[in-house]
Amino acid sequence: MFQLRTQQMKAFFKQWQLQSMVIPGIVWMLIFCYLPMFWLIIAFMDYSIAKPMLESPFVGLKHFQDFVTDDRFWRSIRNTLGMSSIKLVLGFPIPIIFALLLNEIRSLRFKRTVQTISYLPHFIAWTIFGGIALNWLGEGGVVNQLMMALGVQDREILFNSDPKYFWWITFFTDTLKETGWSAIIYIAAISGIDPGLYEAAELDGAGRWQRMWHITVQSIRPTIAILFILAVSGILGSNFEQIFMLKNNMNMKMAESLDLYIYNMGLVSGRHSFSTAVLFARSIVALGLLFIANHTSKKLTGDSIY
Amino acid sequence: MGRRSTLKRIGVFEVCNTLLMLAVCFLTLYPMWFVLINSLNAPEQAMLGTVNWFPKQLSLDSYSVVFNDKTMMNGFVVTILRTVIGSAAHVLFTAIVAYGMSKTTLIGRKLYMKIALVTMLFSGGLIPTFILMTKLGLYDNFWVFVIPGMYSFFNMVIFMSFFRTIPDSLEESAKVDGASDYGVLFRIVLPNSMAVIATITLFSAVYHWNDYYQGVIYIRSQEILPLQTILYKIIAENSMSFMQQQAMAQFGARLPGNSIKFASMMVATLPILLFYPFIQRYLVKGVMIGAIKG
């Protein structure tokens, strides 16, 4: 036994070069990934940043009780679920439809050009994209002019100051920014389909829509299933960079998502333990959601991520 | 007869579909065009914010305000520094770890992999991370942009699988010639991995260029605020005072905030827009690798 150990030690030191490549990475992970996980225990303490952690008193589930009785917490849950549901129900099919329609374009050059242009906004920062949105939605902005020209509204609406538009603003800006980029993965899946399938279907007299549905959509179903599982399990998350850019004091009622609530409580109000408790509860629910979504998908379609 | 009707149907579909795709292109490009023309527009025109196609009256006044603004230019330098140092550190560190991990002879490899995998499932989240950064002295410190972003599991897996495709014979012959593991990595493996290095560098660079949120959370000192964070403050928090004062001094009251905003936005996006046609192939390639791995 002892001999085996020394042998292993010898072998270990013999490959010190390889080890010296990997170990800094492991140390980095221990510091930047594992230490924050360890710090999650302040959710059960009354932690103050000025003192060492272990000197803070344990308070059990006090912070958990506090946030479940906080109306603002439930409001942030409602906002998160509202925005995520719109994104999931209306937004999820959009890149798929875009990929399907783009696939029907015959000219290869036009197809490539459209695709290249379509994912440009993904690389534009949210500060810029959000800045354009705020300008367009404001007084005298493009949206107001367009709506009035079309006769949809007869006077200006300050869209971003009225909370009731906020969820839709996040949906539309996100769709404009990310549709092309999200479609890439479907386009890749479509390009992998055996062309023989289409020829066979054409001989059998299948029309364009039938081929699109029975061959294209069926062939990329596993990709759709995986992305759907991920989308469902991410339902408690939100696009923080987007919301942080578009929120203001007037629309906060509908804009404060769970992420933003955690930020506001933790970093603006300085209630570190309290917001860590919210974080803690959220990650447990998110893991559960991932499990449920995966299980359901496996049952219904046979496709899953693990 | 049947054949002719199919032809006709295809024709209508094709036309509609092409028009739809053109509409997608328009919706994608017009916002950036809008920023460009309004930044070049004479200030009085930009203030109106009307829908237009070309600048009505060309003027570079707004740009001269932006380029003469010390805060903005300082932010520009900070962003360039964090983009260069941040992406270089990320690629180098991740690639070195990945090379070690790609060797099946590595003792403890299974344990290392488990340690890495857990980080994909669980994370501390915003508040614990913030406290840690404060304790590590990274709060209000330029290195907060570099060190916490040095490594990513996802990119390590991409590097690792790419390194495995490099023929063993190449590495072996270098070893026979007396090269160390580091020698093999830097002289044989990395020069043969330029495609994947380019892709990951670009992703990292775009992230560093566009990120404003790290700056909002961790940075208080003006001197190390990145450009995008300054832009966030100008646009979302409307804190234009410093620039407006300058503009007022220079142009009187006739230069309103809007055209300065547009010019700042243009300055902050121009590098991305200029490089985009050249780099987009690599970026798409990156997604493909990621998609196959995922």
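Because the model is predicted, local features need pLDDT of at least 70 and side-chain atom pairs count only at pLDDT 80 or more, whereas totals for chains, interfaces and linings use all residues. Residues are numbered from 1 along each chain as its sequence is written, chains are lettered from A in the order in which they are written, and side-chain values use heavy atoms, with hydrogens and water left out.

**The two chains**

Helices (H or I, at least four residues) and strands (E, at least two) are DSSP runs, numbered from the N terminus. Chain A contains 16 helices and zero strands. Its radius of gyration, taken over C-alpha atoms, is 25 Å, which is well over the 19 Å that the globule rule (2.2 Å times the number of residues to the power 0.38) gives for 306 residues, so chain A is more spread out than a compact globule. Along the principal axes, the C-alpha atoms of chain A fill a box of roughly 75 × 65 × 40 Å. Chain B, for its part, has 14 helices and zero strands.

The table sets out some values for each chain. Buried means under 20% relative accessible area, exposed over 50%, and partly exposed in between (1.4 Å probe, protein chains only). Accessible areas come from the Shrake-Rupley method with a 1.4 Å probe, and for residues only the protein chains shown count as cover.

| Property | Value |
|---|---|
| Buried residues, chain A | 50% of 306 residues |
| Buried residues, chain B | 52% of 294 residues |
| Accessible surface, chain A | about 15,400 Å², 66% from carbon and sulfur atoms |
| Accessible surface, chain B | about 14,000 Å², 68% from carbon and sulfur atoms |

A contact means heavy atoms within 4.5 Å. In chain A, 64% of the contacts with a separation of 6 or more are between residues 24 or more positions apart, and in chain B, 72% of the contacts between residues at least 6 apart in sequence join residues at least 24 apart.

**The nonpolar cores**

A nonpolar core is a set of buried Ala, Val, Leu, Ile, Met, Phe, Trp, Tyr and Cys residues joined through side-chain atoms within 4.5 Å. The largest one has 150 residues, and the members that touch the most others are Ile128(A), Met101(B), Tyr151(B), Met156(B), Phe159(B) and Phe163(B). When neighbours within four places in sequence are left aside, the residues in contact with Phe163(B) include Ala95(B), Tyr99(B), Val189(B) and Leu190(B). A second, separate core of 26 residues includes Ala206(A), Met212(A), Ile215(A) and Ile224(A).

**Selected helices and residues**

In chain A, helix α15 (residues 258-268) is mostly covered, since nine of its 11 residues are buried; among them are Leu258(A), Asp259(A), Tyr261(A) and Asn264(A). After α15(A) comes Gly270(A), whose phi is positive, near 70 degrees.

In chain B, Ile260(B) lies in helix α14 (residues 257-293) and is buried, with a relative accessible area of 0%. The C-alpha atoms of Ile260(B) and Thr134(B), which are 126 residues apart along the chain, are separated by 35 Å.

Asp140(B) is found in the loop between α6 (126-135) and α7 (153-164) of chain B, and it is partly exposed, with a relative accessible area of 25%. Most residues other than glycine have a negative phi. Asp140(B), however, has a positive phi, near 55 degrees, although it is a residue other than glycine.
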